[in-house]
Amino acid sequence: MLINKAYKFRLYPTKEQETLIAKTIGCSRFVFNRFLGQWNDTYQETGKGLTYNACSAELMQLKKEFVWLKEVDSIALQSSLKNLADSYTRFFKKQNKAPRFKSKKNQVQSYTTKETNSNMAIVNNKIKLPKLGLVRLAKSREVEGRILSATVRRNPSGKFFVSIVVKTDVQPLKKTDSSIGVDLGITDFAVLSDGRKIDNNKFTCKMEKRLKREQRKLSRRALNAKNKGMNLLDAKN
């Protein structure tokens, strides 16, 4: 069974790659906002929006007027336009509100590009991206499947991340024709309706050392209070 699966990794671009990423984000935002303005004007005049194909053809002419649009990944600009068209389609179907202009002050800035003609690939501990070339990443696990798209993000802290969507083949599990209730908790990760408990290993491992340290500290303070002849209720520390 073929499914789409996402991976997220930290990126470590060079200074030149950081500059190109910033340009690509800015150009994608410019394309989105420019055509959103045209889309809004057309909607107010006719009650209908534009079409992706018409805007895509106009984008080709726009590159002649603004030559700096040619410096960045052309697929990223098309993806920005496609996202706008999809947003307006959902708006007409009353699935979401009308799209709004993007601001350079948004905390997270990003752009999305798609795989065509093997322009994206994982090479050892680097990822090949259009225009950027090979970018070093912290590959915490192997990427299995054919890459479909990648979204490059820059956080407010200045860190860069890439989210990769791949199409991969998975084997579905056999049906057991049985059911069970699951209650998520804090002390226990989950309590099942048949009485079994699933330990919250992450919480236990993280707090076990701290718990021992605090218990020793409490024991010392209780002993000091006892040696001083104090009532434990009066020992405020």
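Four bridges join strand β4, residues 126–129, to β5, and the two run antiparallel. Before I go on, please keep in mind that this is a predicted model, in which local features need pLDDT of at least 70 and side-chain atom pairs count only at pLDDT 80 or more, whereas totals for chains, interfaces and linings use all residues. Residues are numbered from 1 along each chain as its sequence is written, and side-chain values use heavy atoms, with hydrogens and water left out.

A word on terms: helices (H or I, at least four residues) and strands (E, at least two) are DSSP runs, numbered from the N terminus, and two strands pair if DSSP finds at least two bridges between them.

Back to β4 and β5, then. I127 stands opposite V135 in β5, and the two strands form a hairpin with three residues between them, where K131 in the turn has a positive phi of about 70°. On β5 we also find L137, which stands opposite L11, and β5 pairs with β1 in the antiparallel sense over two bridges.

These strands belong to an open sheet of seven, in the order β2-β6-β7-β1-β5-β4-β3, with antiparallel pairing. At its edges stand β2 (109–114) and β3 (121–123), each with a single partner strand, so one side of each is left without a neighbour in the sheet. Neighbouring strands of this sheet are turned by 35° against each other on average, direction ignored; axes here are lines fitted to C-alpha atoms, for helices over the stretch in contact, and angles run from 0 to 180 degrees between N-to-C directions.

Moving through the sheet, strand β1 (residues 2–12) is joined to β7 (residues 160–169) by 10 bridges, running antiparallel, and the bridge partner of I3 is T168 in β7. Eight bridges join β7 to β6, again antiparallel, and R153 stands opposite F161 in β7. R153 is also the bridge partner, in β6, of S110, and β2 and β6 pair over six bridges. The hairpin of β6 and β7 has five residues between the strands, and there G158 takes a positive phi near 90°.

What lies across this part of the sheet? Helix α1 (residues 15–46) lies across β2, β5 (133–137), β6 (146–154) and β7, running at about 90° to β2, with contact meaning heavy atoms within 4.5 Å. The helix has 32 residues and reaches 47 Å from its first C-alpha to its last, close to the 46 Å expected at 1.5 Å a residue, that expected span being 1.5 Å times one less than the number of residues. After α1 comes G47, whose phi is positive, near 80°.

Let me turn to the pocket. The largest pocket is lined by 15 residues, of which K102, V108, Q109, S110 and Y111 lie nearest its centre. The elements that give two or more residues to this lining are α1, α3 (74–92) and β2. On a 1 Å grid over the protein atoms alone, a pocket is an open set of points where a 1.4 Å probe fits, with protein on both sides within 12 Å along at least five of seven lines, and lining residues have an atom within 4 Å of a point.

Finally, the other sheet: three strands form an open, antiparallel sheet in the order β8-β9-β10, whose edge strands are β8 (182–184) and β10 (197–199). Strand β9 (residues 188–192) and β10 pair over three bridges, and V191 has K197 in β10 as its bridge partner.
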